[in-house]
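Visitor: Could you walk me through this one while I have it open? I'd like to start with the packing and then move on to the strands and helices.

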Amino acid sequence: GYLVKLDVRSPIRTRTVSGLIVDSRGWVVTSLSALEDAGEVNVTLAGKNFDDDPPFRELVDLSRGIIAEDPAHDLALISINRAQVINLADIKLAESDSVVAAARLMIARAPPPRHQRWLAECRIDKRGKFSDLPNDVQKELAAANLQADQDFNWLVYPPRLPSNLANELIGSPLIDEQGTVLAVNIGVQTKDKAVAVPATLVRKLVESAGSSPDVKPFGRAA
């Protein structure tokens, strides 16, 4: 119920990425670079279980805009109508960066059309400071103007999805078997790896937004 599909419409294209409801005030975290040139962002539930009783209420909303952003780590919070999510308890975000290399996690992503699977197992392949990462990953991060300091550990993991499915991976959470969000995928992918940041950064972003954040509207699509 926390995973959402974001249809990001710009004057030149529409693409689908993933997002995660992280606050019952209607706050959704995703990749900042995925919102570049967005004219509007349509938010819907990524998946439902039709056997649930009572059934999920369909979530369909246009985001009002960005309420907080972290360009150095490619994260953004966008706002939706809180009436859509007011009954949700706040999701569990890891309080510390506890991801270790070779850890087995699950990744949740918005499923493409005609596919029901949205949860898959994955393994952290490499984690470390910027200078610890493989050269190709360093180059990709630097090209995207992302943080190169030593304050935290980037997470790199396989697999890179085929190009027709890669967008759905952007903004997707990595969770443990207890359902705690440990990391969030960003919009940078190397030749054969995906890149994520610890959920502690998401927690900091939520805290930085304050209680009544201003909303920066998206531009108008052509």
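Guide: Gladly, and please keep in mind that this is a predicted model. In the largest nonpolar core, which has 45 residues, the members that touch the most others are V22, L77, L141 and W154.

Visitor: What else lies apart from that core?

Guide: Another core of 21 residues lies apart from it, and L32, L35, A76 and I80 are among its members. As a general background, nonpolar side chains in soluble globular proteins tend to be buried together.

Visitor: Switching to strands, how many residues of β14 are buried?

Guide: Five of the five residues of β14 are buried, so the strand is largely enclosed by the rest of the structure.

Visitor: And which strands does β14 pair with?

Guide: β14 pairs with β13 in the antiparallel sense over four bridges, and the bridge partner of P198 in β14 is A183. β14 also pairs with β11, residues 154–157, again antiparallel and over three bridges, where A196 of β14 stands opposite L155.

Visitor: OK, now helix α3: which of its residues are buried?

Guide: In α3, which spans residues 199–209, the buried residues are A199, T200, L201, V202, L205, V206 and A209.

Visitor: What covers them?

Guide: The cover includes β2 (14–23), β3 (27–31), β6 (65–70) and β7 (75–79), together with β13 (181–189) and β14 (194–198).

Visitor: And what follows α3?

Guide: The helix is followed by G210, which has a positive phi near 75 degrees.

Note on methods: Residues are numbered from 1 along each chain as its sequence is written. This is a predicted model: local features need pLDDT of at least 70, side-chain atom pairs count only at pLDDT 80 or more; totals for chains, interfaces and linings use all residues. Side-chain values use heavy atoms; hydrogens and water are left out. Buried means under 20% relative accessible area, exposed over 50%, partly exposed in between (1.4 Å probe, protein chains only). Helices (H or I, at least four residues) and strands (E, at least two) are DSSP runs, numbered from the N terminus. Contact means heavy atoms within 4.5 Å. A nonpolar core is a set of buried Ala, Val, Leu, Ile, Met, Phe, Trp, Tyr and Cys residues joined through side-chain atoms within 4.5 Å. Two strands pair if DSSP finds at least two bridges between them.
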